[in-house]
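Student: Could you take me through one part of this protein up close? I'd like one spot first, and then whatever surrounds it.

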Amino acid sequence: MLRMYGDMKTNLRVEFGKYRVSLTTDTWTSVQNVNYMVITAHFVDDEWNLHKRIINFCPIASHTGKEIGNLILECLIEWKIERVMCISVDNASANKVAIDKVLKKMKSWPNSQLLLGGKYMHVRCLAHIINLIVKDGLKKLDKSIQSIRNAVKFVRSSPRRFDDFKKCVVNEFVESKGLVVMDVPTRWNSTYLMLESALKLKKAFNRMCEDEDKDYMSYFEEKEDLSFDVDGEEGVEKSRKGRVGPPTEQDWDSAQVFVSFLKVFYLVTLKVSATKYPTSHTAVHDMIAVESEINKLFHPKNTSFFVEEVLRDMGVMMKAKYIKYFGSIESINQLFIVALVLDPRFKLRHFSHLCKTILGFGEQEVEERSNEVKALMKELCDEYTRYAAGPQKNGKTKPVSISNEC
């Protein structure tokens, strides 16, 4: 078994030596309070097949940028990966420190083969940014979401309660075949799925209130444990009041609007999180789709006055977070724009069209932006041409020209 592992590791090292490799990494803390870190390598082979390999999964002393950076460097050396294209990480400040450390160290390597000097190595995870944007908006619906979450918690807290709930589903002639799912409060997409499933079973939840189920109603009178975090110190304290809930009609209305509105965000998150097909060429369009949905919050249709106010407040908070990360075209990793232009469906003319219609640039600025993208593409072409040509006697290769008809 160990010999097989050693042989496969040797073969994979050879593979890494042939291609440019991009990395994704993340850290988290387990329920046993142990810090872990995973590093995944992605590359495209000669047959244009996309590969994904987990090359490290291990404990890490802390989530500091120094520790993360050291572990990435150790992993690169162990696997003899020298041609790194990008490293995708979430938006924690520690990750920026880590990428800066890796970049500085790799530049000093005698055989360093950073792409354009590592200028575009740091890629911020789009799925994580969407998570941050939506979580800011969710703060305005916190009470409604918490009341439904508590109702779901009650149903799933014991087999007997779950059986009683299923009887209510049958008695209310609810056609949904799915059952309630519990969410992870820090992951908004799981909250979306919880609310989506709960809405289909709304009649069953309301029946428990109408039947004055003693266990159900008394559950909301209990004082619950609330987690808190003060200056990095986590703890648990008892709430002064009972649990939020049961859900009111207003809570259900808010949840319905929330689910309808955030479906686009959920689908975009699934799309950009894919690992079996490339997603970089659609990233610019995904960012535009997110902004478009946020703008709709400022002009809601067919909703109550209360819901309109909530949606507008959500829009303000989400727009501010969006601008923080995507407020200007310079804030976007330019390789995403190159990927868009390389998509034969769009090309450079489509990018110019987006600059004019979506970003509102004038003719001169559109031309300047287009020329900047063309210049970057030429740099990339020259870089890959030099590598493909190998060492030349005069150390030079013929420069690549890019047509204006792109």
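Student: Leaving aside its neighbours within four places in sequence, which residues is His128 in contact with?

Tutor: Once you skip the neighbours within four places in sequence, the contacts of His128 are Asp90 and Asn91. His128 itself sits in helix α4, which covers residues 126-138. Its relative accessibility is 18%, and since buried means under 20%, His128 counts as buried.

Helix α4 also turns up in the packing of α7: the buried residues of α7 pack against α4, along with α5 (142-155), α8 (202-210) and α10 (249-272). Those buried residues of α7 are Trp188, Ser190, Thr191, Tyr192, Met194, Leu195, Ser197, Ala198 and Leu199. The length of α7 (residues 188-200) checks out too: at 1.5 Å a residue, its 13 residues should span 18 Å, and the end C-alpha atoms are 19 Å apart, which agrees.

Met8 is exposed, because its relative accessible area is 57%, and exposed means over 50%. Together with Met1 and Met4, Met8 makes a nonpolar surface patch of about 420 Å².

Where pLDDT is low, the predicted coordinates should not be read in detail.

Key. Residues numbered from 1 in each chain as written. Predicted model: local features only at pLDDT ≥ 70, side-chain atom pairs only at ≥ 80, totals over all residues. Heavy atoms only, no water. Helix = DSSP H or I, 4+ residues; strand = E, 2+ residues; numbered from the N terminus. Buried < 20%, exposed > 50% of the residue type's maximum accessible area, 1.4 Å probe, protein only. Contact = heavy atoms within 4.5 Å. Patch = residues over 30% accessible without salt bridge, like charges linked within 9 Å, V, L, I, M, F, W, Y side chains within 5 Å. Areas by Shrake-Rupley, 256 points an atom, 1.4 Å probe, with all protein chains shown as cover. Salt bridge = Lys/Arg side-chain N within 4 Å of Asp/Glu carboxyl O. Expected span 1.5 Å × (residues − 1).
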